[in-house]
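Subject: Structure for your review

Dear colleague,

Please find below the structure we discussed, with its sequence. My notes on it follow.

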Amino acid sequence: MDTDQLIKTLAADNAHRARPVGFALMLALMAAAPVSLLMFFTELGIRPDVMTAMRNPFFDLKFAVTLALAIAAIAVSLHLSRPEASLRGFGWLLLIPAGLLTAGIGGEMMMPQRVPMMTRLMGNNSRMCMTAIPLLSLPILAGALIGLRHGAPARPALAGAIAGMLSAGLAATLYASHCTDDSPLFVATWYTLSTALVTAIGALAGSKLLRF
Amino acid sequence: MREREDEWTGLMRSAISGESTAYHRLLKAVTPVLRAAARRGLTRAGQPVDQSEDIVQDILLAVHLKRHTWDVSAPFAPWLFAIARNKLIDALRRRGRRVFVNIDDFAEVLPGEAPVETASAGEVAAQLASLPARQRDVLQSIAVESASIKDTAAKLAMSEGAVRVALHRGLTSLTAKLREQ
């Protein structure tokens, strides 16, 4: 087939309209979410004292941090799905969750504490946290990558890494309602480590799957 | 230069709103620029330039299948060159070289550069043979025999809708095969 013939063929297909990447990503996430929800409710479930916990600002802060991460990563993912886009101008969005967490740590430092700092940091559920967040995020990560394949990222590994953050953010939102460790020090340590793991998986998968 | 790129943007906007003739004109207009850049990239990587047409076709397919990622309110050229650069780097890497491609390679066609005639391209044609029969027949009819969608439908005893679907699927699987080879 010579190039003129190819051009003619592409023009004949001009009527085909692809859906925007945002739409594909939303559909894929909606398809993946029930899997993670099922895993969460069969294996973990919401902590029994949730009504009391909600009155603790540090419990609520966990959701602010994880949701800020998820939403920022969704915005950055969609931006990076355009081939001419770079992180410049958008990367700072990912600093919002880190900023919230830092403010939380500062807030906790200023309050009188019964438990020593290292004990709060180590918590009681670090191993569960490091297992549950990555496992809960895998179905979401798969969905996110399927949705983002619709785009054309110039740097597939970077786009995959952000997809990893997105899925870790959503998975951590679920996990946060189960976990009884509310100290921002715990979140900053173990949630961050889990997120880093999922981000690395996302980068690896993205470098293969998000090439176009 | 500026005028040319504004013209591309205008043509692409018309194409998106459904004008196939504008789309055809746009693809025709960008092809020589892509070809010149592909040849320059190959030369710099010490590769024979006779493979440039495979790269051009690869870029055109990606432009077609990813055009929904172009923001209609933005100029078209930066988007096009980003796609082209990505595909050129991929192609050179596949041929075993790690090279840096300068974005300016696309932006300028050097003055005295002789226009290059369409060279032969083998990769798309080779992958065409491995497509499912339906898709291959439809692509063959439209590309090689220059039949319209309507004529193709009549000839293959398919509905026009089915021809459109087979055409789009065929282009998508061609692109996937080129990427995986």
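The largest nonpolar core has 56 residues, of which B:Ile59, B:Leu60, B:Leu80 and B:Ile83 touch the most other members. Please bear in mind throughout that this is a predicted model. At least two residues of this core come from each of the following: helix 1 (3-12) of chain A, and, in chain B, helix 1 (2-16), helix 2 (20-44), helix 3 (52-65), helix 4 (76-94), helix 7 (133-144) and helix 9 (160-180). Helix 4 of chain B gives the largest share, 11 residues. Because domain 1 (2-95) and domain 2 (121-180) of chain B both contribute residues, the core lies between them.

Turning to the contact between the chains, 38 residues of chain B and 28 residues of chain A take part. On the side of chain B that touches chain A, two or more residues are given by each of helix 2, helix 3, helix 4, helix 6 (123-128), helix 7 and helix 9 of chain B. That side consists of 21 nonpolar, 11 polar and 6 charged residues.

As to the fold of chain B, there are 9 helices and 0 strands. Chain B has 181 residues, and 40% of them count as buried. Where contacts in chain B link residues at least 6 apart in sequence, 62% of these contacts join residues at least 24 apart.

The domain assignment of chain B gives domain 1 (2-95) and domain 2 (121-180). Their centres, taken over C-alpha atoms, are separated by 21 Å. In the contact between them, domain 1 of chain B supplies 8 residues and domain 2 of chain B supplies 9 residues. The side of domain 1 that touches domain 2 divides into 3 nonpolar, 2 polar and 3 charged residues.

One helix of chain A also deserves a note. Helix 4 of chain A (residues 57-80) has 24 residues and, at 1.5 Å a residue, should span 34 Å; its end C-alpha atoms are 34 Å apart, so the two values agree. Helix 4 of chain A is mostly covered, with 17 of its 24 residues buried.

Yours sincerely

Conventions
Residues are numbered from 1 along each chain as its sequence is written. Chains are lettered from A and ligands numbered from 1 in the order in which they are written. This is a predicted model: local features need pLDDT of at least 70, side-chain atom pairs count only at pLDDT 80 or more; totals for chains, interfaces and linings use all residues. A nonpolar core is a set of buried Ala, Val, Leu, Ile, Met, Phe, Trp, Tyr and Cys residues joined through C-beta atoms within 7 Å. A residue is buried if 20 or more other C-beta atoms lie within 10 Å of its own, exposed if 12 or fewer, and partly exposed in between; C-beta atoms are placed from the backbone. Helices (H or I, at least four residues) and strands (E, at least two) are DSSP runs, numbered from the N terminus. Domain bounds come from an automatic or database domain assignment. Two residues are in contact if their C-beta atoms, placed from the backbone, lie within 7 Å. Ala, Val, Leu, Ile, Met, Phe, Trp, Tyr, Cys and Pro count as nonpolar, Asp, Glu, Lys and Arg as charged, and the others, Gly among them, as polar. The expected span of a helix is 1.5 Å times one less than its number of residues.
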